[in-house]
Amino acid sequence: IHMYLLVLFDDFTPILFNCLVQIFFSFSLYILVVTRFSNFAGILSVLFFYSTPNMIILLSTGKPDGIFFGIIFLSFHFLLLWKEKNNLNYLYLSSIFVGASLALKYQAIYWFFTIYPIFIIIMLLNKNVKNFFILALYFGIIPIIISCPWYLKNFITTGDPVWPFGYSLFESSFWNAELDTKYKSWETGPGKSLLKYLFGFWNLTLRQAEWKWGLLIPFLPYNLILLPGLALTYKRFNKKQIEIIIFCLLAFFIFYSIWFIGWQQIRYLLPVMGLLNLISAAVLVHLYQSKNIRILLRMTFASILIFSLSYSIFYNSQFLKNALGLESKKDFLTNKISFYEDISFLNENLNDDAVVLWNDLKAFYCEKEWVLIPQFMYDSFNSDLFVAVQFLKGNNITHIFNPYHKTTELIINELVDNNFIKPIYENNFAKIIGSRSLGNFNKTNLVIYEVNKNQFK
């Protein structure tokens, strides 16, 4: 859908569509809560979840995470409805939404292995459930059928159904060992040990500054400070609500355990953080009934909203000048996209028939035809002059876009020394954007080379 909107309209339309759909799906968390607790708890859970700094940043991007979270909440909602109403249609709806989440993001694999055990537990506890094994088969098969076209496409195209995460197992195309190592180094979790697992929730909420990049993209789930209040208020919940709370906690610990042994990224935990927000909101509603702490709760809740609103204004102010036409698109993208100034030079000065060898991963803003070195010949290209020359010749390469990389330094120098290429543009202060949100960047050397085709003769 995003591709068609981009082709038929402009680059703003898919962003607007994504924003509106994410707003629509935010009601799924409200529905999950209000059906089992109260209208006030439903409103609070949505405010808690969608006003955290991490969500404010995430929902302003083109990522489909907001839609993904909504689909997860709906799958959980309909599973609970099936338990409550004993209507198989709700079970089928739950499995369909699980399949939709699997088709949307790999992260949903964590959710599938979270919700499936909960589904089995519900069946084991429900003595009225008939056709146990058939239902267990249906709940597993339906999501796989819905999502398999996307994973099959990946496997046919790259040899890896979960590209690029399965590189170490499948050695997939369009990826390499260097990128795999680099990608794995981007983990921003507490680390892997039994002690870190046991104190993981503490780390997730209070000690992020100790991690690599800990507070660059803050999560700060301050609303979860209300969770211990469950010990004071659990007697005020009815049996049905206690069961829902137990299932939410169970979902969190299963999902967290899978996340812990997998790739630790904070935003990957956000779906189950939403379920914990459900508990926080329900606890707050009951605590608010106590006159002794009502004033304290009001102050706490007001400070949370003020902080979230202030952070949202501060964060989104970076887009205001461009939105109002006070900043050009070029100036805006220069501060948001790595090498944008250098890409602009390339777009403005190269002929329309130019073919650029792109020694970087991000060529979206390049308006010329570009080529990447295939993964299977990446090492041989960077170590063998003959292979490199034949690749340039065979792909009719006219220019090389080359930010400094240690792996390409030797072959580039060898091509220059043998007069196969010559520099036509150099920028010793090319920007590598570290965080588009915070606006920080590093600088590196970047050279654009022109290929001397006369040397091929």
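This is a predicted model: local features need pLDDT of at least 70, side-chain atom pairs count only at pLDDT 80 or more; totals for chains, interfaces and linings use all residues.
Residues are numbered from 1 along each chain as its sequence is written, and side-chain values use heavy atoms, with hydrogens and water left out.

Figure 1. Helices (DSSP H or I runs of at least four residues) and strands (E runs of at least two) are numbered from the N terminus. K330 belongs to helix α18 (residues 329–334) and E348 to helix α19 (residues 340–349), so the bridge ties together parts 18 residues apart in sequence. Relative accessible area is classed as buried under 20%, exposed over 50% and partly exposed in between (1.4 Å probe, protein chains only). K330 is partly exposed at 39%, and E348 is exposed at 58%.

**Figure 2. Salt bridge between D352 and K368.** The closest N and O atoms are 3.4 Å apart. D352 sits in the loop between α19 and β1 (355–358) and K368 in the loop between β1 and β2 (369–371), so the pair ties together parts 16 residues apart in sequence. D352 is exposed, with a relative accessibility of 74%, whereas K368 is buried at 10%.

**Figure 3. Salt bridge between K105 and D65.** The N to O distance is 3.6 Å. K105 is in the loop between α6 (88–104) and α7 (108–125), and D65 is in helix α5 (residues 65–85), 40 residues apart. Both K105 and D65 are buried.

Figure 4. H77 is buried, with a relative accessibility of 5%. Its side chain makes a polar contact of 3.0 Å with the side chain of R36. A polar contact is a pair of N or O atoms within 3.5 Å; within protein, one must be able to donate a hydrogen and the other to accept it, and residues adjacent in sequence count only if both atoms are side-chain atoms. Contact in general means heavy atoms within 4.5 Å. Leaving out residues up to four places away in sequence, H77 touches I31, L32, T35 and R36.

**Figure 5. Helix α6 and its N-terminal cap.** A side-chain oxygen of N87 lies 2.9 Å from the backbone nitrogen of N89, capping the N-terminal end of α6. The 17 residues of α6 reach 25 Å from first to last C-alpha, close to the expected 24 Å; the expected span is 1.5 Å times one less than the number of residues. Among the buried residues of α6 are L91, F97, V98 and L102. Their cover includes α5, α7 and α8 (132–158).

**Figure 6. W111 in the largest nonpolar core.** A nonpolar core is a set of buried Ala, Val, Leu, Ile, Met, Phe, Trp, Tyr and Cys residues joined through side-chain atoms within 4.5 Å. The largest has 73 residues, and W111 and F119 have the most contacts inside it. Helix α15 (residues 270–287) gives the most to this core, with 13 residues. Beyond four places in sequence, the contacts of W111 include I72, F76, V98, A251, F255 and L275.

Notes: A salt bridge is a side-chain nitrogen of Lys or Arg within 4 Å of a carboxyl oxygen of Asp or Glu.
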